[in-house]
Amino acid sequence: MKEIKLGPKEQIHKSIVEACKKGKDKARYELYQLYSKAMFNVCYRIMNNREEAEDMLQEAFTQAFMKIESFRWESSFGTWLKRIVVNTCLNAINKKKVELTYCEEIYHYDKPEEEEETEVQFTVANITRAMELLPEGGRMVFSLYLLEGYDHTEIAQIMRITESTSKSQFMRAKRRIIEILKEQKSRGL
């Protein structure tokens with residue numbers, strides 16, 4: 001078997017992960033402490049509900065610990081765990097058999113994009129609030145692309161949509177967020 005050379009970034013927390021593979025509970029607790037906050041944020045952005053995000057976080061960590069023997073350091077542990085978290089959330093949404101609603105054409109093509117973006121204030125809190133108002137499908141594509149770092153090909157595979165749908169949903173979600181931010185600004189929020 002060919003050994004893969006890992007950079008320092010991929011080897012971070014290697015001793016803890018290896019201890020988890022040996023069944024050390026203390027190492028599992030440490031790993032949970034290291035990654036739970038970031039993974040909760042991923043869950044929350046996808047589920048858009050705190051209680052469901054907490055449930056998905058627990059489910060994802062349970063699955064990760066059950067599968068940790070299969071982790072072969074072909075990527076960083078965080079990347080591997082995030083994939084489990086995203087898949088856990090998407091499976092839960094699919095089990096609910098909720099029809100994903102995507103962003104509609106709410107954008108006026110005759111307005112220059114740069115003009116819109118300069119009028120609104122981008123803060124993490126404002127964007128987070130605006131994301132919560134997006135339709136589920138658009139919010140998921142937006143979150144997976146912009147915040148989780150997946151490309152449109154990966155999003156298409158994860159969400160079982162076409163790559164062009166992923167791209168168009170991202171653009172629509174982005175434009176809808178700008179509109180929401182403009183609305184919030186006009187109301188003084």
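Tyrosine 145 lies in helix H7, which covers residues 136–147; helices (H or I, at least four residues) and strands (E, at least two) are DSSP runs, numbered from the N terminus. The model is a predicted one, in which local features need pLDDT of at least 70 and side-chain atom pairs count only at pLDDT 80 or more, while totals for chains, interfaces and linings use all residues. Residues are numbered from 1 along each chain as its sequence is written, and side-chain values use heavy atoms, with hydrogens and water left out.

The protein chain contains nine helices and zero strands. Read from the N terminus, its elements follow the order α-α-α-α-α-α-α-α-α. Of its 189 residues, 40% count as buried. Here buried means under 20% relative accessible area, exposed means over 50%, and partly exposed is in between (1.4 Å probe, protein chains only). The accessible surface of the chain comes to about 11,400 Å², and 51% of that area belongs to carbon and sulfur atoms. Such areas come from the Shrake-Rupley method with a 1.4 Å probe; for residues, only the protein chains shown count as cover. Among contacts (heavy atoms within 4.5 Å) in the protein chain with a separation of 6 or more, 70% are between residues 24 or more positions apart.

Within H3, the residues Ala53, Met56, Leu57, Ala60, Phe61, Ala64 and Phe65 are buried. Because these residues cover an arc of only 165° around the axis, they are on the same side of H3; the arc is that of the directions from the helix axis to the C-beta atoms. The buried residues of H3 pack against helix H1 (14–21), helix H2 (25–47) and helix H4 (77–95). On the other side of H3, Glu51, Asp55 and Met66 are exposed.

H3 also holds a charged pair. The side chains of arginine 50 and glutamate 54 meet in a salt bridge, at 3.5 Å from N to O. A salt bridge is a side-chain nitrogen of Lys or Arg within 4 Å of a carboxyl oxygen of Asp or Glu. Arginine 50 and glutamate 54 are four residues apart in helix H3, so about one helical turn separates them. Arginine 50 is partly exposed at 47% relative accessibility, and glutamate 54 is partly exposed at 35%.

How many salt bridges does the structure hold? There are nine. Side chains of opposite charge can pair when their charged atoms come close. Another of these pairs is formed by arginine 72 and glutamate 74, at 3.4 Å from N to O. Arginine 72 is partly exposed, with a relative accessible area of 47%, whereas glutamate 74 counts as exposed at 52%. A further salt bridge is formed by lysine 82 and glutamate 148, whose closest N and O atoms are 3.8 Å apart. Lysine 82 lies in helix H4 and glutamate 148 in the loop between H7 and H8, so this pair ties together parts that are 66 residues apart in sequence. Glutamate 148 counts as buried, at 7% relative accessibility. Salt bridges with shared partners join Arg45, Lys82 and Glu148 into one network.

The reader may now return to helix H7. Its 12 residues should span 16 Å at 1.5 Å a residue, and its end C-alpha atoms are 15 Å apart, which agrees. Why is H7 described as largely enclosed by the rest of the structure? Nine of its 12 residues are buried, so the rest of the structure largely encloses it. The buried residues of H7 are Glu136, Gly137, Gly138, Arg139, Met140, Val141, Phe142, Ser143 and Leu144. They pack against H2, H4, helix H6 (124–132), helix H8 (152–159) and helix H9 (163–186).

Tyrosine 145 is partly exposed, with a relative accessible area of 31%. Together with Leu146 and Leu147, Tyr145 makes a nonpolar surface patch of about 250 Å². Patches are made of residues with over 30% relative accessible area and no salt bridge, like charges being joined within 9 Å and nonpolar side chains (Val, Leu, Ile, Met, Phe, Trp, Tyr) within 5 Å. H7 is followed by glycine 149, whose phi is positive, near 85°.

Conventions
Expected span 1.5 Å × (residues − 1).
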